[in-house]
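Work through the exercises below with the sequence and the model open. Try each task before reading its solution.

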Amino acid sequence: LLFKMSVFGPVVKIHPVVLASICDSYERRNEGASRVIGTLLTIDKHSIEVTNCFSVPHNESEDEVAVDMEFAKNMYELHKRVSPTEVIIGYATGFDITEHSVLIHEYYSREASNPIHLTVDTALQSGKMNIRAYVAQMGVPGKTVGVMFTPLTVKYIYYDTERIGDLLQRTRITASRTKGLTSDLSQVAGSAARIQDMLTTVLAYIEDVLSGKVTADNSVGRFLMDLVNKVPTISAEDFENMLNSNINDLLMVTYLSNLTQAQIALNEKLVVL
Amino acid sequence: MLEFIYTSATEKENSSQDHVSSGPLLSLFSQVVLKIIKHYQEEGQGTEVVQGVLLGLVVDDRLEITNCFPFPQHTEDDADFDEVQYQMEMMRSLRHVNIDHLHVGWYQSTYYGSFVSRALLDSQFSYQHAIEESVVLIYDPIKTAQGSLSLKAYRLTPKLMEICKEKDFTPEGLKKANIGFEHMFEEVPIVIKNSHLISVLMWELEDKSTVADKHELLNLSSSNHLEKSLQLLMDRVDDMCQDIVKYNTYSRNLSKQQQQKHQYLQRRQQENAQRQSRGEPPLPEEDISKMNKPPQPPPRMDTLLIAGQINNYCQNVKEFTSQTLGKLFMAEALQGHN
């Protein structure tokens, strides 16, 4: 029975580094603790984009929660020295919201104006790791304020380079959870293999459509047209010329670098050794 | 043609096998990678290098890097004091949340591969002196943006460690240790490791992530990168030339001085012989060495560093060209000719 929680409203953008840190600190939690608490930081205080976080030690018992705010303040100062624009924007905890969260929320309201509460389901209660964010709506202003957590949409956002890092980690489906770093031509080969896979999928789809197994979808057809048109049609001669000149450049550079290496090796033999 | 590409590619692999470290292998947690990437992205735009400390522990025969934290940029006001205190406080705080607080190395970003410098050597030496297995992780953001994660770990070879310990940078010292520029650093192969929980996270992200894959790696535009690399290479080669000129002048001076000394001695002897024949006491043998001080031999460490740097540039350029050649041939196949 899956029910999808579709929420609207402001969007929280999270960087994967935050989630990785949260998971890591969950793994390192003290004995007996069922969740961890941490502070979320953002670089740009005008957009809700969580870019960094650090965990804060806390003690949790039946009816009270003690959060080490001194520690949190210290850590925040240290972080500020590295990136002076970082600002506290919220906090993160283990799985669901409990009464304790209200208390924690109050702690953090002192630091940030409207903190975001992020929950990461590290205990995998529902078989998946649910990542949700909430913001607390206060009640009627002026009177006693109540706290109700309303969910926000969570989006993941990457820097360009982060995306590459993610690519590398996704391919670690091996049993030992390890992956070496590739280099050189093997990377190009890997990329080419991926494109080839994609092309085979597309081809299979086209075959199906042609043989009538699958109904043709116009938008997909348009994309395919774009794809085919993207390969530029250049006359054979021009292309040969371009190819050759590029190859010549590269070969020359390779030759020069080999020459330089030989030169410094020689220089070393003569001068130093 | 294809054989040529393969030879240039395998050459690099073979040569890097020569100085693969014999020390412990390195396994890296993915969140360290993410943190380093993020640190550069946010703080390091431009040619400033960003630095930070790696934390982890030594497990069996492997060095596991489990966490890291960045260093603030060097400011003018009391940078040193700031650093040490910052580090101490960071480590103390991290210990509270059960993060491994053993220093195992440091990381640095680089601009087109130019990291072989005196500062790096000194820092790495001080780290390695304290902890034997520490490494320096070099992160190349420009190459990573081009499509593939470029992270390399280096350690100083034991020979170089000895030399740094004795601070003996004269030519004799280096000759004794028989160090070439290829034996300065040894590369440590990196393996990225994750815990199960992070694997779950990865699957979750893959599910939810709406960002399309970008295949930057297959980009054909290469001239910009090549230009910059070659520019840096030329600068280094210029430095090398100057260094060689210095050495040449030194050796010329030395030989001239030797000659002068020789001549002077001979004249002395002649004079003494004459005087003896005339029955006068011979002139005292003056302390020659005091008169003609031998010229200072130029320090060889800089040459070594420059040579190492040039070597690094050349390797990078070769790797880049082999990749680009492959891509060009693929483009050719796509055009359907040949």
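Residues are numbered from 1 along each chain as its sequence is written, and chains are lettered from A and ligands numbered from 1 in the order in which they are written. In this predicted model local features need pLDDT of at least 70, side-chain atom pairs count only at pLDDT 80 or more, and totals for chains, interfaces and linings use all residues; side-chain values use heavy atoms, with hydrogens and water left out.

**Exercise 1. Describe the make-up of chain B.**

Step 1. Chain B has eleven helices and eight strands. These are DSSP runs, numbered from the N terminus: H or I of at least four residues for helices, E of at least two for strands.

Step 2. Of the 338 residues in chain B, 50% are buried. Buried means under 20% relative accessible area, exposed over 50%, and partly exposed in between, with a 1.4 Å probe and protein chains only.

Step 3. Take the contacts in chain B between residues at least 6 apart in sequence: 75% of them join residues at least 24 apart. A contact means heavy atoms within 4.5 Å.

**Exercise 2. Locate B:Gln87 and state what its side chain pairs with.**

Step 1. B:Gln87 sits in helix α3 (residues 79–96) of chain B.

Step 2. Its relative accessibility is 13%, so B:Gln87 counts as buried.

Step 3. The side chains of B:Gln87 and B:His103 make a polar contact at 2.7 Å. A polar contact is a pair of N or O atoms within 3.5 Å; within protein, one must be able to donate a hydrogen and the other to accept it, and residues adjacent in sequence count only if both atoms are side-chain atoms.

Step 4. Not counting residues up to four places away in sequence, B:Gln87 touches B:Val53, B:Phe69, B:Phe71, B:His103 and B:Tyr127.

**Exercise 3. Which residues have the most contacts inside the largest nonpolar core?**

Step 1. A nonpolar core is a set of buried Ala, Val, Leu, Ile, Met, Phe, Trp, Tyr and Cys residues joined through side-chain atoms within 4.5 Å.

Step 2. The largest has 53 residues, and B:Phe69, B:Leu121 and B:Phe185 have the most contacts inside it. Helix α11 (residues 300–335) of chain B gives the most to this core, with eight residues.

Step 3. Apart from that core lies another of 23 residues, among them B:Cys68, B:Tyr107, B:Tyr139 and B:Val188.

Step 4. Beyond four places in sequence, the contacts of B:Phe69 include B:Gln87, B:Met90 and B:Tyr107.

**Exercise 4. How do helices α4 and α6 of chain B pack?**

Step 1. Helix α4 (residues 118–130) and helix α6 (residues 158–166) of chain B pack at about 100°, with axes 11 Å apart.

Step 2. The two helices are therefore roughly perpendicular, a label that covers 65 to 115 degrees.

Step 3. On α4(B) the contact is made by B:Leu121, B:Phe125, B:Gln128 and B:His129, and on α6(B) by B:Leu160, B:Met161, B:Cys164 and B:Lys165.

**Exercise 5. Is B:Thr157 buried or exposed?**

Step 1. B:Thr157 is in the loop between β6 (151–156) and α6 of chain B.

Step 2. B:Thr157 is buried, because its relative accessible area is 9%.

Step 3. Leaving out residues up to four places away in sequence, B:Thr157 touches B:His183, B:Met184, B:Phe185 and B:Glu186.

How values were computed:
Axes are lines fitted to C-alpha atoms, for helices over the stretch in contact, and angles run from 0 to 180 degrees between N-to-C directions. Angles under 35 degrees count as roughly parallel, over 145 as roughly antiparallel, 65 to 115 as roughly perpendicular and the rest as oblique.
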